[in-house]
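Please look over the sequence and the model that follow, and keep both in view while reading.

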Amino acid sequence: MHYIACYGDSLVQGFPFGPRYSWTAEVERLTKIKMLNYGICGECCDDIVFRVRQYALPAYVQHILFLGGANDILQGRKLDAIMHDYQRLYEFCQEKNYSLCIVLPFISADEWMNRHLLNLKQELEVYFSEKAFLLDVQPAIGLDAGERKRAYLDGVHPLAKIYTAIGEYAAPKLQAWVDE
């Protein structure tokens, strides 16, 4: 069995439904992967990276999944600071021999936020495309504005059926990644 330690904010945690109804739980149901959900609502990348680095994972965990950035944007953190946190995460994973999956930011139903999320997404793609497994689940959410508007409870957090769709979309991709 493979294990993935899943770090992030509310979008990993499964807000407002909880970890048992998150997209990571759906991946676990559909694969032979145990998804350890360490998502905490409201956290910024620096807090999440601190937790990754501070608390030891069991020896059988070889894969880390990371999704963050939306709260950083809402808190007014600069793109350079967010990218610095991602770089620190990458260096830690290299040091500890963890395989890293970066889940690219979900594009929301809020156009102001989307400008910042798209900038972050582009920076992550440019910088980490050769260094980590990049997982873009946006096709499961929807690409056009109408689909995105219907996908979210509050413009940022997906409906339960969208968390399920994200998990269904991500499951074969994550299974292939851990099987490499």
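Helices and strands are here runs assigned by DSSP and numbered from the N terminus, a helix being H or I over at least four residues and a strand being E over at least two. The model is a predicted one, in which local features need pLDDT of at least 70 and side-chain atom pairs count only at pLDDT 80 or more, whereas totals for chains, interfaces and linings use all residues. Residues are numbered from 1 along each chain as its sequence is written, and side-chain values use heavy atoms, with hydrogens and water left out.

Five strands make up an open sheet with parallel pairing, in the order β2-β1-β3-β4-β5, where two strands are taken to pair if DSSP finds at least two bridges between them. Because β2 (33–39) and β5 (133–135) stand at the edges with a single partner strand each, one side of each is left without a neighbour in the sheet. From one strand to the next the twist averages 20 degrees, with axes taken as lines fitted to C-alpha atoms (for helices, over the stretch in contact) and angles running from 0 to 180 degrees between N-to-C directions.

Strand β1 (residues 2–8) is joined to the parallel strand β3 (residues 63–67) by five bridges, and to β2, also running parallel, by seven bridges. Y7 stands opposite F66 in β3 and opposite Y38 in β2, while G8 has L67 of β3 as its bridge partner. Five of the seven residues of β1 are buried, so this strand is largely enclosed by the rest of the structure; buried means under 20% relative accessible area, exposed means over 50%, and partly exposed lies in between (1.4 Å probe, protein chains only).

Which residues have the most contacts inside the largest nonpolar core? They are Y7, I64, F66, Y86, L100 and L124, in a core of 32 residues, the term standing for a set of buried Ala, Val, Leu, Ile, Met, Phe, Trp, Tyr and Cys residues joined through side-chain atoms within 4.5 Å. At least two residues of this core come from each of β1, α3 (45–54), β3, α4 (70–74), α5 (79–96), β4 (99–103) and α6 (111–128), and the largest share, seven residues, is supplied by α5. L100 is in contact (heavy atoms within 4.5 Å) with I64, F66, L89, Y90, C93, A132, F133 and W177, leaving aside residues up to four places away in sequence. A second, separate core has 27 residues, among them L67, C101, Y152 and A170.

The buried residues of α5, including I82, Y86, L89 and C93, pack against α3, β3, α4, β4 and α6.

Two packed helices are described by the angle between their axes and the distance between the axes. The axes of α5 and α6 come within 11 Å and cross at roughly 35 degrees. The contact involves L79, I82, M83, Y86, Q87 and Y90 on the α5 side and N119, L120, E123, L124, Y127 and F128 on the α6 side.

Most residues other than glycine have a negative phi, and most peptide bonds are trans. N97, in the loop between α5 and β4, has a positive phi near 60 degrees, and at 66% relative accessibility N97 counts as exposed. A cis peptide bond, with omega about 0 degrees, joins F15 and P16, and P16 lies in the loop between α1 and α2.

The loop between α1 (10–13) and α2 (23–30) also holds F17, which is partly exposed at a relative accessible area of 32%.
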